[in-house]
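Subject: Structure handover and findings

Hello,

Here is the structure I promised to pass on. Please open it first, then read my notes below.

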Amino acid sequence: MGQGLSSSAEPADLPRSRTLRDFRPLALTGEWPQSMKNSFHIAAAALFLCLFFPAAAHADYKFCNRTSYVLDAAVGYSAGEIWKSRGWTRLMPGSCETVLEGPVGGGDYYVFARSFDAHKGSIKYFSGNSAFCIVDAPFEIEGRDQCAMRGFDSADFLKVETKAGAEWTTSFSEASEYNVEESRVAGAQRLLMDLGFAMKQVDGIAARNTLRAVQAFQRSANLAPTGSIDESLLNELASRAIAAHRSVGLDFCNRTSELVWAAVGFESGGEDISSGWIRIDPGSCRKAVKGRLAKDAYYFYAEAVGDTGAIVTHNGQPLVWGGDRPYCTKPTRFEIRGRERCALRGYDEKAFRRIETSGKPFIEVPLDQD
(Lines give C-alpha, C1' and ligand atoms only; values in the text may rest on other atoms or scores of the structure.)
Protein backbone atom coordinates (compact mmCIF):
# COMPACT_ATOMS: atom_id res chain seq x y z
CA MET A 1 0.00 0.00 0.00
CA GLY A 2 1.30 3.45 -0.83
CA GLN A 3 0.92 6.41 1.46
CA GLY A 4 1.28 10.12 1.11
CA LEU A 5 1.71 13.07 3.38
CA SER A 6 0.81 16.56 2.23
CA SER A 7 1.21 19.90 3.90
CA SER A 8 -0.61 23.09 3.03
CA ALA A 9 -0.54 26.64 4.26
CA GLU A 10 -2.20 29.89 3.45
CA PRO A 11 0.73 32.34 3.14
CA ALA A 12 0.06 36.06 3.09
CA ASP A 13 1.74 36.66 -0.26
CA LEU A 14 1.34 35.58 -3.89
CA PRO A 15 -0.11 32.13 -4.61
CA ARG A 16 2.50 29.47 -5.33
CA SER A 17 2.90 25.71 -5.37
CA ARG A 18 5.71 23.34 -4.60
CA THR A 19 5.82 19.54 -4.39
CA LEU A 20 8.45 17.39 -2.69
CA ARG A 21 8.43 13.60 -2.96
CA ASP A 22 10.35 11.34 -0.63
CA PHE A 23 10.00 7.60 -1.24
CA ARG A 24 10.37 5.02 1.54
CA PRO A 25 10.95 1.25 1.48
CA LEU A 26 8.41 -1.55 1.56
CA ALA A 27 6.74 -2.56 4.80
CA LEU A 28 6.80 -6.15 5.98
CA THR A 29 3.41 -7.70 6.65
CA GLY A 30 2.15 -10.18 9.20
CA GLU A 31 1.83 -10.36 12.95
CA TRP A 32 5.19 -8.97 14.07
CA PRO A 33 6.27 -8.14 17.62
CA GLN A 34 5.46 -4.61 18.69
CA SER A 35 9.11 -3.75 19.28
CA MET A 36 9.67 -3.73 15.51
CA LYS A 37 7.14 -1.00 14.98
CA ASN A 38 9.63 1.79 14.24
CA SER A 39 11.70 -0.29 11.84
CA PHE A 40 9.43 -0.48 8.81
CA HIS A 41 7.55 1.86 6.50
CA ILE A 42 4.71 1.50 4.03
CA ALA A 43 5.52 0.70 0.41
CA ALA A 44 6.35 3.67 -1.80
CA ALA A 45 5.50 6.25 0.82
CA ALA A 46 5.41 9.73 -0.66
CA LEU A 47 5.64 13.15 0.95
CA PHE A 48 3.75 15.91 -0.79
CA LEU A 49 4.38 19.49 0.32
CA CYS A 50 2.18 22.10 -1.31
CA LEU A 51 1.60 25.79 -0.68
CA PHE A 52 -1.76 27.24 -1.71
CA PHE A 53 -3.58 30.57 -2.00
CA PRO A 54 -4.27 32.49 1.23
CA ALA A 55 -7.49 31.81 3.13
CA ALA A 56 -8.80 33.11 6.43
CA ALA A 57 -8.04 30.63 9.20
CA HIS A 58 -7.12 30.43 12.86
CA ALA A 59 -3.34 30.11 13.14
CA ASP A 60 -2.71 26.54 14.32
CA TYR A 61 -0.78 23.54 13.10
CA LYS A 62 -3.24 20.76 12.21
CA PHE A 63 -2.99 17.12 11.16
CA CYS A 64 -5.64 15.60 8.89
CA ASN A 65 -6.19 11.89 8.32
CA ARG A 66 -7.20 10.94 4.78
CA THR A 67 -6.44 7.23 5.21
CA SER A 68 -8.51 4.19 6.10
CA TYR A 69 -6.54 3.73 9.33
CA VAL A 70 -6.94 5.19 12.80
CA LEU A 71 -3.65 7.05 13.32
CA ASP A 72 -1.70 8.20 16.35
CA ALA A 73 0.48 11.17 15.42
CA ALA A 74 3.32 13.17 16.97
CA VAL A 75 5.10 16.39 16.08
CA GLY A 76 8.67 17.58 16.61
CA TYR A 77 9.55 21.27 16.70
CA SER A 78 12.04 23.84 17.92
CA ALA A 79 11.19 25.97 20.97
CA GLY A 80 13.97 28.53 20.95
CA GLU A 81 17.20 26.57 21.31
CA ILE A 82 15.42 23.42 22.51
CA TRP A 83 14.00 20.64 20.38
CA LYS A 84 10.72 19.19 21.61
CA SER A 85 8.53 16.25 20.61
CA ARG A 86 4.85 15.93 21.50
CA GLY A 87 2.30 13.13 21.09
CA TRP A 88 -0.02 11.45 20.75
CA THR A 89 -2.89 12.96 18.77
CA ARG A 90 -5.53 10.38 17.81
CA LEU A 91 -6.73 10.95 14.23
CA MET A 92 -9.87 9.13 13.16
CA PRO A 93 -10.28 8.56 9.40
CA GLY A 94 -11.64 11.71 7.77
CA SER A 95 -10.82 13.96 10.73
CA CYS A 96 -8.50 16.89 11.45
CA GLU A 97 -7.01 17.80 14.83
CA THR A 98 -4.86 20.66 16.12
CA VAL A 99 -1.41 19.48 17.24
CA LEU A 100 0.13 22.89 18.04
CA GLU A 101 -1.91 25.96 18.93
CA GLY A 102 -0.98 29.48 17.90
CA PRO A 103 0.88 30.98 14.93
CA VAL A 104 3.17 28.66 12.98
CA GLY A 105 6.73 29.83 13.48
CA GLY A 106 7.96 28.83 10.06
CA GLY A 107 10.99 26.72 9.28
CA ASP A 108 11.21 23.00 9.83
CA TYR A 109 8.70 20.91 11.73
CA TYR A 110 8.84 17.12 11.97
CA VAL A 111 5.94 14.68 11.89
CA PHE A 112 5.41 11.01 12.65
CA ALA A 113 2.27 8.86 12.57
CA ARG A 114 1.44 5.19 13.01
CA SER A 115 -1.73 3.13 12.68
CA PHE A 116 -3.16 2.20 16.05
CA ASP A 117 -2.42 -1.23 17.48
CA ALA A 118 -5.98 -2.56 17.22
CA HIS A 119 -5.85 -2.84 13.42
CA LYS A 120 -5.04 -6.31 12.17
CA GLY A 121 -1.77 -6.88 10.35
CA SER A 122 1.45 -4.93 10.59
CA ILE A 123 1.53 -1.38 11.91
CA LYS A 124 1.72 1.25 9.16
CA TYR A 125 3.99 4.28 9.44
CA PHE A 126 4.50 7.78 8.13
CA SER A 127 8.13 8.36 9.02
CA GLY A 128 11.41 9.82 7.79
CA ASN A 129 15.01 9.84 9.00
CA SER A 130 15.12 12.47 11.76
CA ALA A 131 15.15 10.88 15.23
CA PHE A 132 13.06 12.28 18.09
CA CYS A 133 12.28 10.82 21.50
CA ILE A 134 8.87 9.29 22.17
CA VAL A 135 7.12 7.08 24.72
CA ASP A 136 4.02 4.96 24.34
CA ALA A 137 1.87 7.14 26.62
CA PRO A 138 1.01 10.81 25.89
CA PHE A 139 4.23 12.83 26.10
CA GLU A 140 6.06 16.12 25.69
CA ILE A 141 9.82 15.62 25.73
CA GLU A 142 12.61 18.19 25.59
CA GLY A 143 15.68 17.25 23.58
CA ARG A 144 16.10 14.67 20.86
CA ASP A 145 19.48 13.14 21.77
CA GLN A 146 20.34 10.06 23.82
CA CYS A 147 16.70 8.94 24.00
CA ALA A 148 17.42 5.43 25.30
CA MET A 149 19.89 6.70 27.91
CA ARG A 150 17.14 9.01 29.21
CA GLY A 151 14.61 6.17 29.39
CA PHE A 152 12.73 7.02 26.18
CA ASP A 153 12.06 5.21 22.94
CA SER A 154 12.75 6.94 19.62
CA ALA A 155 11.15 7.23 16.20
CA ASP A 156 12.22 8.62 12.84
CA PHE A 157 10.20 11.74 12.03
CA LEU A 158 9.65 13.27 8.60
CA LYS A 159 10.67 16.89 7.95
CA VAL A 160 8.04 19.39 6.81
CA GLU A 161 9.06 22.91 5.72
CA THR A 162 6.53 25.59 6.71
CA LYS A 163 5.97 29.31 6.25
CA ALA A 164 5.70 31.60 9.27
CA GLY A 165 2.49 33.29 10.38
CA ALA A 166 -0.06 31.07 8.66
CA GLU A 167 -2.12 28.06 9.55
CA TRP A 168 -0.46 24.87 8.39
CA THR A 169 -2.13 21.54 7.75
CA THR A 170 -0.33 18.26 7.22
CA SER A 171 -2.50 15.53 5.69
CA PHE A 172 -1.76 11.82 5.80
CA SER A 173 -3.07 9.92 2.79
CA GLU A 174 -2.97 6.58 0.97
CA ALA A 175 -2.46 5.79 -2.70
CA SER A 176 -6.26 5.66 -3.03
CA GLU A 177 -6.34 9.43 -2.32
CA TYR A 178 -9.61 9.39 -0.39
CA ASN A 179 -11.52 12.60 0.19
CA VAL A 180 -12.95 13.29 3.65
CA GLU A 181 -16.13 11.25 3.23
CA GLU A 182 -14.39 8.39 1.43
CA SER A 183 -11.77 8.24 4.16
CA ARG A 184 -14.50 7.98 6.80
CA VAL A 185 -16.21 5.15 4.88
CA ALA A 186 -12.91 3.36 4.28
CA GLY A 187 -12.06 3.68 7.96
CA ALA A 188 -15.38 2.08 8.91
CA GLN A 189 -14.77 -0.72 6.42
CA ARG A 190 -11.32 -1.46 7.84
CA LEU A 191 -12.54 -1.47 11.44
CA LEU A 192 -15.43 -3.76 10.50
CA MET A 193 -12.93 -6.16 8.93
CA ASP A 194 -10.79 -5.96 12.08
CA LEU A 195 -13.85 -7.02 14.09
CA GLY A 196 -14.65 -9.95 11.80
CA PHE A 197 -17.66 -8.56 9.95
CA ALA A 198 -18.16 -9.59 6.32
CA MET A 199 -16.35 -7.01 4.20
CA LYS A 200 -14.87 -7.85 0.79
CA GLN A 201 -12.61 -4.82 0.47
CA VAL A 202 -11.66 -1.38 1.72
CA ASP A 203 -12.52 1.06 -1.05
CA GLY A 204 -14.23 4.06 0.56
CA ILE A 205 -17.53 3.37 -1.24
CA ALA A 206 -20.66 3.12 0.89
CA ALA A 207 -22.24 0.37 -1.19
CA ARG A 208 -24.98 -2.00 -0.05
CA ASN A 209 -22.65 -4.62 1.49
CA THR A 210 -20.90 -1.91 3.54
CA LEU A 211 -24.18 -0.52 4.87
CA ARG A 212 -25.34 -4.04 5.76
CA ALA A 213 -22.13 -4.67 7.69
CA VAL A 214 -22.56 -1.34 9.50
CA GLN A 215 -26.12 -2.28 10.46
CA ALA A 216 -24.98 -5.73 11.63
CA PHE A 217 -22.39 -4.09 13.88
CA GLN A 218 -24.91 -1.59 15.22
CA ARG A 219 -27.30 -4.41 16.14
CA SER A 220 -24.48 -6.33 17.86
CA ALA A 221 -23.66 -3.19 19.87
CA ASN A 222 -27.32 -2.55 20.76
CA LEU A 223 -27.37 0.59 18.64
CA ALA A 224 -30.10 1.74 16.25
CA PRO A 225 -29.33 0.05 12.89
CA THR A 226 -29.32 3.26 10.85
CA GLY A 227 -26.38 2.34 8.62
CA SER A 228 -25.03 5.88 9.07
CA ILE A 229 -21.24 6.21 8.86
CA ASP A 230 -20.28 9.14 11.05
CA GLU A 231 -17.85 10.09 13.82
CA SER A 232 -19.84 8.33 16.54
CA LEU A 233 -19.85 5.08 14.56
CA LEU A 234 -16.07 5.25 14.00
CA ASN A 235 -15.49 5.90 17.70
CA GLU A 236 -17.65 2.92 18.67
CA LEU A 237 -15.92 0.67 16.12
CA ALA A 238 -12.50 1.76 17.38
CA SER A 239 -13.47 1.12 21.01
CA ARG A 240 -14.63 -2.41 20.15
CA ALA A 241 -11.46 -3.05 18.13
CA ILE A 242 -9.30 -1.93 21.07
CA ALA A 243 -11.15 -4.29 23.42
CA ALA A 244 -10.68 -7.18 20.98
CA HIS A 245 -6.98 -6.31 20.58
CA ARG A 246 -6.41 -6.43 24.33
CA SER A 247 -7.88 -9.93 24.57
CA VAL A 248 -5.26 -11.57 22.32
CA GLY A 249 -1.47 -11.59 21.95
CA LEU A 250 1.46 -11.57 24.36
CA ASP A 251 1.71 -8.87 27.03
CA PHE A 252 4.56 -8.02 29.38
CA CYS A 253 3.50 -6.44 32.69
CA ASN A 254 6.08 -4.58 34.75
CA ARG A 255 5.28 -5.04 38.44
CA THR A 256 8.46 -3.39 39.68
CA SER A 257 9.31 0.20 40.53
CA GLU A 258 11.94 0.30 37.75
CA LEU A 259 11.88 0.91 34.01
CA VAL A 260 12.09 -2.41 32.14
CA TRP A 261 13.25 -3.11 28.58
CA ALA A 262 12.19 -6.45 27.05
CA ALA A 263 12.85 -8.47 23.91
CA VAL A 264 11.11 -11.44 22.31
CA GLY A 265 12.35 -14.42 20.34
CA PHE A 266 10.32 -16.65 18.04
CA GLU A 267 10.53 -18.84 14.96
CA SER A 268 9.22 -17.68 11.61
CA GLY A 269 9.49 -19.73 8.43
CA GLY A 270 12.06 -22.04 10.02
CA GLU A 271 14.25 -19.13 11.07
CA ASP A 272 14.89 -17.85 14.60
CA ILE A 273 14.24 -14.13 15.08
CA SER A 274 14.88 -11.87 18.05
CA SER A 275 13.37 -8.41 18.37
CA GLY A 276 13.64 -5.57 20.91
CA TRP A 277 13.55 -3.40 22.79
CA ILE A 278 10.08 -2.91 24.27
CA ARG A 279 9.86 -0.14 26.86
CA ILE A 280 7.68 -1.03 29.86
CA ASP A 281 7.11 1.65 32.48
CA PRO A 282 6.72 0.72 36.17
CA GLY A 283 3.23 -0.59 36.88
CA SER A 284 2.26 -0.84 33.20
CA CYS A 285 1.79 -3.52 30.55
CA ARG A 286 2.92 -3.53 26.91
CA LYS A 287 1.86 -5.82 24.12
CA ALA A 288 4.88 -7.62 22.66
CA VAL A 289 3.07 -9.73 20.06
CA LYS A 290 -0.26 -8.62 18.57
CA GLY A 291 -3.03 -10.86 17.30
CA ARG A 292 -3.90 -14.40 18.38
CA LEU A 293 -0.84 -16.38 19.43
CA ALA A 294 -0.21 -18.74 16.52
CA LYS A 295 2.99 -20.43 17.76
CA ASP A 296 3.52 -23.18 20.30
CA ALA A 297 6.10 -21.11 22.16
CA TYR A 298 7.73 -17.70 22.34
CA TYR A 299 10.86 -16.62 24.21
CA PHE A 300 11.68 -13.46 26.12
CA TYR A 301 14.40 -11.61 27.96
CA ALA A 302 13.93 -8.49 30.08
CA GLU A 303 16.08 -6.25 32.27
CA ALA A 304 15.34 -3.44 34.70
CA VAL A 305 17.48 -0.32 34.30
CA GLY A 306 18.19 2.74 36.42
CA ASP A 307 18.59 6.42 35.55
CA THR A 308 22.06 5.83 34.04
CA GLY A 309 20.84 3.00 31.82
CA ALA A 310 22.68 0.33 33.83
CA ILE A 311 20.94 -2.83 35.01
CA VAL A 312 19.71 -2.40 38.58
CA THR A 313 20.27 -4.97 41.31
CA HIS A 314 17.79 -6.46 43.76
CA ASN A 315 18.96 -8.38 46.82
CA GLY A 316 22.46 -8.24 45.41
CA GLN A 317 21.50 -9.77 42.03
CA PRO A 318 20.89 -8.14 38.61
CA LEU A 319 17.17 -7.64 38.09
CA VAL A 320 16.75 -9.57 34.84
CA TRP A 321 14.31 -12.16 33.52
CA GLY A 322 15.82 -14.81 31.29
CA GLY A 323 16.26 -18.51 30.64
CA ASP A 324 18.60 -20.86 28.81
CA ARG A 325 17.95 -20.30 25.09
CA PRO A 326 20.51 -17.94 23.51
CA TYR A 327 19.36 -15.19 21.14
CA CYS A 328 21.26 -12.29 19.62
CA THR A 329 20.60 -8.73 20.81
CA LYS A 330 22.22 -5.32 20.60
CA PRO A 331 22.02 -2.17 22.77
CA THR A 332 19.78 -0.24 20.37
CA ARG A 333 16.53 -1.27 18.72
CA PHE A 334 16.96 -4.48 16.74
CA GLU A 335 15.40 -7.25 14.70
CA ILE A 336 17.96 -10.01 14.17
CA ARG A 337 17.59 -13.15 12.08
CA GLY A 338 19.37 -16.22 13.39
CA ARG A 339 20.65 -16.88 16.89
CA GLU A 340 24.00 -18.47 16.06
CA ARG A 341 27.46 -16.87 16.22
CA CYS A 342 26.13 -13.67 17.78
CA ALA A 343 29.54 -12.30 18.80
CA LEU A 344 31.10 -13.06 15.40
CA ARG A 345 28.29 -11.07 13.77
CA GLY A 346 28.82 -8.10 16.07
CA TYR A 347 25.90 -8.74 18.42
CA ASP A 348 25.47 -9.38 22.11
CA GLU A 349 23.95 -12.64 23.34
CA LYS A 350 21.25 -13.03 25.98
CA ALA A 351 19.58 -16.13 27.42
CA PHE A 352 15.82 -16.02 26.74
CA ARG A 353 13.08 -17.80 28.69
CA ARG A 354 10.53 -20.07 27.00
CA ILE A 355 6.80 -19.29 27.19
CA GLU A 356 4.44 -22.16 26.33
CA THR A 357 1.24 -20.91 24.71
CA SER A 358 -0.71 -24.19 25.13
CA GLY A 359 -3.15 -23.03 22.46
CA LYS A 360 -4.13 -19.89 24.37
CA PRO A 361 -4.92 -16.78 22.28
CA PHE A 362 -3.59 -14.45 25.02
CA ILE A 363 -0.81 -14.66 27.62
CA GLU A 364 0.26 -12.08 30.18
CA VAL A 365 3.83 -12.39 31.46
CA PRO A 366 4.36 -10.77 34.88
CA LEU A 367 7.76 -9.22 35.52
CA ASP A 368 7.94 -9.32 39.29
CA GLN A 369 10.65 -7.93 41.53
CA ASP A 370 10.74 -11.03 43.75
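Arg337 forms a salt bridge with Glu271, and their closest N and O atoms are 3.2 Å apart. A salt bridge here is a side-chain nitrogen of Lys or Arg within 4 Å of a carboxyl oxygen of Asp or Glu. Arg337 lies in strand S22 (residues 334–337) and Glu271 in strand S15 (residues 271–280), so the pair ties together parts that are 66 residues apart in sequence. Helices (H or I, at least four residues) and strands (E, at least two) are DSSP runs, numbered from the N terminus. Arg337 counts as partly exposed, at 37% relative accessibility. Glu271 is partly exposed too, with a relative accessible area of 32%. The cut-offs are these: buried is under 20% relative accessible area, exposed is over 50%, and partly exposed is in between (1.4 Å probe, protein chains only).

Before going on, two notes on the source. This is a predicted model: local features need pLDDT of at least 70, side-chain atom pairs count only at pLDDT 80 or more, and totals for chains, interfaces and linings use all residues. Residues are numbered from 1 along each chain as its sequence is written, and side-chain values use heavy atoms, with hydrogens and water left out.

More salt bridges

Arg339 and Asp272 also meet through their side chains in a salt bridge (3.3 Å, N to O). Arg339 sits in the loop between S22 and strand S23 (348–356), and Asp272 in strand S15, so this pair ties together parts that are 67 residues apart in sequence. Arg339 and Asp272 are both buried. Elsewhere, salt bridges that share partners join Lys84, Arg86 and Glu140 into one network. The count of salt bridges comes to 18.

Helix H1

A further salt bridge links Arg184 to Glu181, with the closest N and O atoms 2.9 Å apart. Both residues lie in helix H1 (residues 180–194), three residues apart, about one turn of the helix. An α-helix has 3.6 residues a turn, so residues three or four places apart point the same way. Glu181 counts as partly exposed, at 40% relative accessibility.

How far does H1 span? Its end C-alpha atoms are 21 Å apart. The expected span is 1.5 Å times one less than the number of residues.

H1 is mostly covered, with eleven of its 15 residues buried. Among them are Arg184, Val185, Leu191 and Leu192. What covers the buried residues of H1 includes strand S3 (60–66), helix H2 (208–220) and helix H3 (231–246).

At the start of H1, a side-chain oxygen of Asn179 reaches to within 3.2 Å of the backbone nitrogen of Glu181. Just after H1, Gly196 takes a positive phi of about 90°.

Two strands pair if DSSP finds at least two bridges between them. Strand S13 (residues 249–254) and S24 run parallel and are joined by six bridges. Phe252 has Val365 as its bridge partner in S24.

Two single residues

Thr89 lies in strand S5 (residues 82–91). Thr89 is buried, with a relative accessible area of 18%. What does Thr89 touch, leaving aside its neighbours within four places in sequence? Thr89 is in contact with Leu71, Asp72, Ala73, Glu97 and Val99. Contact means heavy atoms within 4.5 Å.

Lys124 has its place in the loop between strand S7 (107–115) and strand S8 (125–126). Lys124 is buried, at a relative accessible area of 14%. A polar atom of its side chain lies 2.7 Å from the backbone oxygen of Ser122.

The whole protein

The protein has three helices and 24 strands. Of its 370 residues, 51% count as buried. Among contacts with a separation of 6 or more, 69% are between residues 24 or more positions apart.

Best wishes

Technical notes. Polar contact = N/O pair within 3.5 Å; in protein donor to acceptor, adjacent residues only side chain to side chain.
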